Amino acid sequence: MALPLDSSVITHGIQLAVAPVFLLTAVSGMIGAVAGRLARIIDRARVVEDRARTNPEAEFVARAYAELAELRLRGRLANGCIALLTFCAFLIGITIILLFLGETTEFRANRLAVAGFLAGVASFLLALVCFLAETVIATRLLNFHLLQQEIQIAGTPKP
């Protein structure tokens, strides 16, 4: 399997193989965003755990355990999202290799390239679902206990 020396074939192969690279850019941006969220989840869990250890009040400890359970779920979703994004990047990288080899050599793997690309996109979409679920859970934590107590006491919230 010799590589052709025709520069137009190699140039076209590179052009064809570079198209999926744009998806890799999106994947890398998502990995960075989710990794940042995961770091904040871990930091928050450490703070909540430390406060629960030092505060003997039963209601506070119960709220802390509930929050830690949600933080654990959010962390698992973030980890799943990162795993899916990494798998997506791997599949897109394989797709790029297959497209380039298919265009510049006699190696025919068009169906594998299509399957790899579609599997990569599916993995990306699943990662987006995990990301959405994690953000929904994160906003559920915004229940503002003090605001709820104020509403119960006064009957109406203050501006």
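How many residues does helix α2 have, and how far does helix α2 reach from its first C-alpha to its last? Helix α2 (residues 21–54) has 34 residues and reaches 50 Å, close to the 50 Å expected at 1.5 Å a residue, where the expected span is 1.5 Å times one less than the number of residues. Helices here are DSSP runs of H or I with at least four residues, numbered from the N terminus.

This is a predicted model, in which local features need pLDDT of at least 70 and side-chain atom pairs count only at pLDDT 80 or more, while totals for chains, interfaces and linings use all residues. Residues are numbered from 1 along each chain as its sequence is written, and side-chain values use heavy atoms, with hydrogens and water left out.

Among the buried residues of α2 are Leu23, Val27, Met30 and Val34, and the buried residues of this helix pack against α3 and α4. Ile31, also found in helix α2, touches Leu85 and Thr86, not counting residues up to four places away in sequence; contact means heavy atoms within 4.5 Å. Ile31 and Ala127 are 96 residues apart in sequence, yet 9.8 Å apart in space, C-alpha to C-alpha.

| Residue | Relative accessible area | Class |
|---|---|---|
| Glu67 | 19% | buried |
| Ile31 | 27% | partly exposed |
| Phe107 | 31% | partly exposed |

Glu67 lies in helix α3 (residues 58–104), and a polar contact of 2.7 Å joins its side chain to that of Arg44.

Definitions and conventions: Helices (H or I, at least four residues) and strands (E, at least two) are DSSP runs, numbered from the N terminus. Buried means under 20% relative accessible area, exposed over 50%, partly exposed in between (1.4 Å probe, protein chains only). A polar contact is a pair of N or O atoms within 3.5 Å; within protein, one must be able to donate a hydrogen and the other to accept it, and residues adjacent in sequence count only if both atoms are side-chain atoms.
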